[in-house]
Amino acid sequence: MWTLAGQGWWRGRALAAWVTEAARKGLLWPHLAPARGTAAESRAPDRCYSSADRKEKIDMSCFPVENTRNFSIIAHVDHGKSTLADRLLELTGAIDKTKNNKQVLDKLQVERERGITVKAQTASLFYNYEGKQYLLNLIDTPGHVDFSYEVSRSLSACQGVLLVVDANEGIQAQTVANFFLAFEAQLSIIPVINKIDLKNADPERVEKQIEKVFDIPGDECIKISAKLGTNVESVLDAVIKRIPFPKAHCRNPLRALVFDSTFDQYRGVIANVALFDGVVSKGDKIVSAHTQKTYEVNEVGVLNPNEQPTHKLYAGQVGYLIAGMKDVTEAQIGDTLYLHKQPVEPLPGFKSAKPMVFAGMYPVDQSEYNNLKSAIEKLTLNDSSVVVHRDSSLALGAGWRLGFLGLLHMEVFNQRLEQEYNASVILTTPTVPYKAVLSSAKLIKEYREKEITIINPAQFPDKSKVTEYLEPVVLGTIITPDEYTGKIMMLCQARRAVQKNMMYIDQNRVMLKYLFPLNEIVVDFYDSLKSLSSGYARDKAYSVGKAICERLKDSLPRQLFEIAIQAALGSKIIARETVKAYRKNVLAKCYGGDITRKMKLLKRQAEGKKKLRKVGNVEVPKDAFIKVLKTQSDK
């Protein structure tokens, strides 16, 4: 599917002219009959190619800054971002119009399997509007909160966004979060109400929600059906009219922001860059502001949506750059690239991602440690929001402690390791970081600070040496039909949440804001919210400890002596299970006789087991450890 994308571009001028004329007459795609935005006229003009058959590089000097627009598509999960991106690619001739165009920019296997976008993708579109040729750089972004770091990085390369809202569902939680990301970045926001073709769609109600929650006039909303292609042309027109062109200058020295990157085993690091100033071309020597290393540019180009080499990239444009970076540590997201001997003030870059969930990751076989290390380094180059610390476990050996933005982020990272690098790993139960204010002078001297952050439960200091423990909290937004408000409020209270705000966004929908302890929502809160269940008590220590003891009891092999399994909270034992010992029938050889003989044999056996319990060792198999780490038992 990828290799065929855009083939209709390369068949010569005669075919292109026929397509243009046919489209004008409405013979092709009648709903696109106005010639202004048809695929045939929306390619780069002939003069921008170095040969008539258009197989050569595009001359990007044909697109001055005034004719360039950089924008992202942002929305809640499943509101139609990727479908809209598909239609925009078709309208501008970047891909052929076929029924198979679904999630064209979602190139990862995990994205297609789960039906969600987890990685922002870029595409440069050529569009003819009112006789002028425009370069539209589109970035399709994820919708799930766990990938909000992808959204914030993408917005740094844009001057505007399309805020897509489902005409049936209306404004949802991540719609609000993404809006404020764009608002804080001072970007132009174009609201797009999608799925107006649905039976229960109510675009007028959603229009009023947008006006009330975001203070955007209702007449600025564009109503479309991305699935059917209805009114999608007006979205491109609005991008040109309402999103400003980049404030960039070709005459200034080069300043390029690295906002994303991938690793190719043959070509090295492929950096996605946004040029804020200057020009870059093949053969230029560039310097990384982060490492101060010098590289020679091997290739520059744009994504259309596949890689399309160009002669140069100019200020205001977005594209890719390959410069022989062979080590994954050399490509830093947020780095500034500039020409050799023309140093510039580095761009601000990005705030470091703040991990919310930590989990241990270990190779199934320690002989695979180096291969897994290489895979993690390459994948973190593509997903810089993951934080990596080296770690070790007595049971699992050498590994890492990884920090993620959420549980789905952790699952996707693990799935990508398996699919893209064929890595088999053991992933421990997710935990959240805690802070401890130390009271012990010895510990303060050891840690060199009074307040420490704990990401590994095994390193939790004893409460006798701590003044207080601190846990992370998050401000959560829940949007729900008003008939569920009571049950949801009970669920939030059971999770130790504190209500901060409650607002009706229309006659039937309520927006609740709560301050949650992160540990209470990180694993199963979303599932509980969907089922509207509030069956958990506030103190879960006993039930969790009991469950772990039961799983360990079922997993440990029996010994010749009794094994006690205990769960402790500090010095207090809160749960216990016992693995019964193997017992030899020492009375088998006794065929009657005096009872004292039998009692003597049983007493000797008991003394032997008591002595064995003192000196015996219990070896915990790796598979037993893995079973205990599962969040639910297999029963």
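1. In this predicted model, Asp277 counts as buried, because its relative accessibility is 8%. Its side chain and that of Arg255 meet in a salt bridge, with 3.2 Å from N to O. The two residues belong to distant parts of the chain, given that Asp277 lies in strand 8 (residues 268-277) and Arg255 in strand 7 (residues 255-264), 22 residues apart. Arg255, with a relative accessible area of 21%, is partly exposed, a value to be read against the cut-off of under 20% that defines buried.

2. The count of salt bridges in the model comes to 16. Side chains of opposite charge can pair when their charged atoms come close.

3. Arg205 deserves attention for its charged partners. With Asp202 it forms a salt bridge in which the closest N and O atoms are 3.6 Å apart, and Asp202 counts as partly exposed at 29% relative accessibility. The side chain of Arg205 also meets that of Asp506 in a salt bridge, at 3.5 Å from N to O. Since Asp506 lies in the loop between strand 25 and strand 26 while Arg205 lies in helix 6, this pair ties together parts that are 301 residues apart in sequence. Asp506 counts as buried, its relative accessibility being 16%.

4. Which side chain of opposite charge is nearest to Arg509, a buried residue without a salt bridge? That side chain belongs to Asp506, and it is 4.5 Å away, whereas the salt-bridge rule asks for a nitrogen and a carboxyl oxygen within 4 Å.

5. As background, an α-helix has 3.6 residues a turn, so residues three or four places apart point the same way.

6. Helix 9 (residues 407-421) can be checked in a similar way. At 1.5 Å a residue, its 15 residues should span 21 Å, and the end C-alpha atoms are 21 Å apart, which agrees. Its buried residues include Leu407, Leu408, Met410, Val412, Phe413 and Leu417, together with His409, Asn414, Gln415 and Arg416. These buried residues pack against helix 3 (109-114), strand 17 (357-363), helix 8 (369-382), strand 19 (397-404) and strand 20 (425-427). Just after helix 9, Asn422 takes a positive phi of about 55°.

7. Leu155, which has its place in helix 4 (residues 148-155), is buried, with a relative accessible area of 4%. Its contacts, neighbours within four places in sequence being left aside, are with Ser72, Ile74, Val161, Leu181, Ala182 and Leu187. The C-alpha atoms of Leu155 and Ala185 are separated by 7.5 Å, although these residues are 30 residues apart along the chain.

8. Asn128 is found in strand 2 (residues 121-129) and counts as buried at 14% relative accessibility. The side chain of Asn128 makes a polar contact with that of Gln133, at 3.3 Å.

9. For the protein overall, the secondary structure comes to 16 helices and 28 strands, and 49% of the 635 residues count as buried. Among contacts with a separation of 6 or more, residues 24 or more positions apart account for 68%.

Key:
Residues are numbered from 1 along each chain as its sequence is written. This is a predicted model: local features need pLDDT of at least 70, side-chain atom pairs count only at pLDDT 80 or more; totals for chains, interfaces and linings use all residues. Side-chain values use heavy atoms; hydrogens and water are left out. Buried means under 20% relative accessible area, exposed over 50%, partly exposed in between (1.4 Å probe, protein chains only). Lys and Arg count as positive and Asp and Glu as negative; His and the chain ends are not counted. Helices (H or I, at least four residues) and strands (E, at least two) are DSSP runs, numbered from the N terminus. Contact means heavy atoms within 4.5 Å. The expected span of a helix is 1.5 Å times one less than its number of residues. A polar contact is a pair of N or O atoms within 3.5 Å; within protein, one must be able to donate a hydrogen and the other to accept it, and residues adjacent in sequence count only if both atoms are side-chain atoms.
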